[in-house]
Amino acid sequence: MSVWQEVGDGCYRRRYERYDLNVGVVRGSEGLLLFDTRGSPVQGEELRHELIELDPRAVRHVVNSHWHFDHVLGNQCFTGSWRWGHPGLNDMFERHADALTRARAYDAKLDPELVDLELTLPNHSVPDRAVVDLGDRAVELLHHGRGHTGHDLVAHAREARVVFAGDLLEESAPPSYGDDCFPIAWPNTVAALLDATNTETTIVPGHGDVMTTPEARAQVEAIKGVADVIRALHAAAEPAAHALDAADRWPFPADLLHNAIHRGYEELDGTAQ
């Protein structure tokens with residue numbers, strides 16, 4: 001059973017068995033900031049009740065790390081809050097009419113949980129940077145660049161030396177290269193995230209256990225390895241369909257990298273959106 005874990009002064013995470021997902025909370029004198037809201041109204045309502053165990057005060061701010069359903073479809077349970085996200089998040093829902101079909105395809109158990117869904121997107125935009133004032137502390141929201149998606153947003157609670165990194169980093173599995181990823185830009189984005197943190201910072205990834213800075217930098221090197229192999233294959237005019245044949249060159253299992261290769265080629269060709 002998941003419980004609230006304090007990962008820094010006034011900063012908490014709850015690791016859910018379903019999707020192995022992390023939700024983050026920062027407590028301030030004027031209420032709570034919630035980082036991600038889970039994957040359905042049913043899951044969001046469960047989270048809302050579990051937050052009362054931690055602090056009965058209102059959630060004043062919700063931050064969505066990116067548009068994938070497991071991080072954002074609980075938003076409607078926190079409609080009294082300011083909802084923060086990169087503008088690309090809203091754009092993706094506008095561009096993908098099949099977003100909920102994708103979610104159901106990933107998890108067939110979602111069907112009954114989405115019956116009462118009212119798609120509730122961020123209403124405060126963070127193109128690059130914003131600071132959320134919680135009274136006695138501030139949380140800095142930053143878009144360091146493209147990576148897991150084109151609009152990943154992270155939350156730095158600097159006084160507590162905690163950063164909520166979303167799916168730019170994962171601990172319990174290799175990083176997820178979906179059909180909206182940017183594998184060439186990704187390593188520089190995560191390197192920028194780490195350069196903006198203290199070496200003693202606790203990193204809460206989107207999925208899995210918390211990470212230290214050295215652990216995160218090791219993952220950056222692996223992500224960079226993926227980008228380097230894609231660049232080399234592209235420069236050699238190797239067809240994307242054949243690129244997986246270089247299995248011994250990949251730092252992650254090759255069968256997880258189909259999207260990475262195709263998206264990486266699109267990035268290098270200047271056609272990735």
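Predicted model: local features only at pLDDT ≥ 70, side-chain atom pairs only at ≥ 80, totals over all residues.
Residues are numbered from 1 along each chain as its sequence is written, and side-chain values use heavy atoms, with hydrogens and water left out.

**Exercise 1. Work out how helix 5 and helix 6 are placed relative to each other.**

Step 1. Two packed helices are described by the angle between their axes and the distance between the axes. Helices and strands here are DSSP runs (H or I, at least four residues, for helices; E, at least two, for strands), numbered from the N terminus.

Step 2. The axes of helix 5 (residues 186–195) and helix 6 (residues 213–235) come within 8 Å and cross at roughly 160°. Axes are lines fitted to C-alpha atoms, for helices over the stretch in contact, with angles from 0 to 180 degrees between N-to-C directions.

Step 3. Angles over 145 degrees count as roughly antiparallel, so helix 5 and helix 6 are roughly antiparallel to each other.

Step 4. Now look at who touches whom, where contact means heavy atoms within 4.5 Å. Helix 5 contributes Trp186, Pro187, Val190, Ala191, Leu194 and Asp195, while helix 6 brings Ala216, Arg217, Val220, Ile223, Lys224 and Ala227.

**Exercise 2. Describe the aromatic pair of Tyr19 and Phe69.**

Step 1. Rings of Phe, Tyr and Trp (its six-membered ring) pair if their centres lie within 6.5 Å; planes under 30 degrees apart count as stacked, over 60 as edge-to-face and the rest as tilted. The count by this rule comes to 7 aromatic pairs.

Step 2. The ring centres of Tyr19 and Phe69 are 5.5 Å apart and their planes stand at 80°, so the pair is edge-to-face.

Step 3. Tyr19 lies in the loop between strand 2 (11–16) and strand 3 (21–28), and Phe69 in helix 2 (residues 69–72), so the pair ties together parts that are 50 residues apart in sequence.

Step 4. Tyr19, Phe69 and Tyr106 form one aromatic cluster.

**Exercise 3. Is Leu34 buried or exposed?**

Step 1. Find Leu34 in strand 4 (residues 31–35).

Step 2. Buried means under 20% relative accessible area, exposed over 50%, and partly exposed in between (1.4 Å probe, protein chains only). With a relative accessible area of 1%, Leu34 is buried.

Step 3. Leaving aside neighbours within four places in sequence, Leu34 is in contact with residues including Val23, Leu47, Val63 and Phe78.

Methods. Parallel < 35°, antiparallel > 145°, perpendicular 65-115°, else oblique.
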